[in-house]
Amino acid sequence: ASYGLDNTSVARVVSGLLFPFGLIMVIITGAELFTGNCMITISLLEKKASLAGMARNLVIVYLGNFAGSVLLAAAIAYSGAFSNGALALYAIRTAANKCALPFGRALVLGILCNVLVCAGVMCSLCGTSLAGRAIGAFVPVSFFVIGGFEHCVANMYYIPAGLLAAGVPRYAQLAAEAGVDLAALSLGGFFANLLPVTIGNIIGGCGFGALIWSCHRT
């Protein structure tokens, strides 16, 4: 939706207005999202869940989210969506920028991201109607996108999509001509991004859950 926008601020706002519908669909359909499931921390502190059970859930959901994201990236790439050179270039630039993030910065951006995602999950759970739940999830997630924070599950899609686009010589040439540094865009760069972002998401989500529990426990 934003690949044709040159103004970074406008592009982020447009993305921020659309991205939250992903979490809304997760919540409404009862699907599982790794970052949101960090809120199991509250059940753990309430002694309604075990540490082993929480770890098992997070590992399984992480793997499921990973598989779904990579398969979606492949489906988009092989559907011909990247025949639009501008969209392919955008995907490559986004992936390359994510892979080039230093560990510490990616970690902090991951923490900030999942504080907001989990705030969205919590606000959604407070809603008593479909509209209320959707609005509760919408605003915090919109903020994290506009802020440029890092979400591990989103990156499981963005980086493979960029890698697949860069695997086409014509699109790689477009990226080179546009001055995109492809040095970090690789499978190694993919996992070098996922590691700190995932750790940051866990810290942010579990920390937020623990904070909410400590503030509201009786």
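Predicted model: local features only at pLDDT ≥ 70, side-chain atom pairs only at ≥ 80, totals over all residues.
## Where helix 8 meets helix 10

Cys-152, Asn-155, Met-156, Ile-159, Pro-160 and Leu-163 are the helix 8 side of a contact with helix 10, and their partners over there are Leu-187, Phe-190, Asn-193, Leu-194, Val-197, Thr-198 and Asn-201.

How are the two helices set against each other? Helix 8 covers residues 152-166 and helix 10 covers residues 187-216, and they pack at an angle of about 170°, their axes 10 Å apart. Angles over 145 degrees count as roughly antiparallel, so that's the label for helix 8 against helix 10.

## The chain as a whole

Zooming out, there are 10 helices in the chain and 0 strands. Read from the N terminus, the order of elements is simply α-α-α-α-α-α-α-α-α-α. The radius of gyration is 18 Å, close to the 17 Å that the globule rule gives for 218 residues, so the chain is as compact as a globular protein of that length.

As for overall dimensions, the C-alpha trace spans about 60 × 35 × 30 Å along its principal axes.

## The second largest pocket

Now for some open space: the second largest pocket holds about 260 Å³. It has 14 lining residues, and the ones closest to its centre are Ile-27, Ala-31, Gly-36, Asn-37 and Val-121.

Which elements give two or more residues to this lining? Those are helix 2 (20-29) and helix 6 (103-126). Helix 2 has the largest share, with 3 residues. By class, the lining of this pocket is made up of 9 nonpolar, 3 polar and 2 charged residues.

Technical notes:
Residues numbered from 1 in each chain as written. Heavy atoms only, no water. Axes fitted to C-alpha atoms, helices over the stretch in contact; angles between N-to-C directions. Helix = DSSP H or I, 4+ residues; strand = E, 2+ residues; numbered from the N terminus. Parallel < 35°, antiparallel > 145°, perpendicular 65-115°, else oblique. Contact = heavy atoms within 4.5 Å. 1 Å grid on protein atoms, 1.4 Å probe; cavity = no way out; pocket = protein on both sides within 12 Å on 5 of 7 lines; lining within 4 Å. Points joined across faces, edges and corners; volume = space filled by probe spheres on them. Nonpolar A, V, L, I, M, F, W, Y, C, P; charged D, E, K, R; others polar. Rg over C-alpha atoms; globule rule 2.2 N^0.38 Å.
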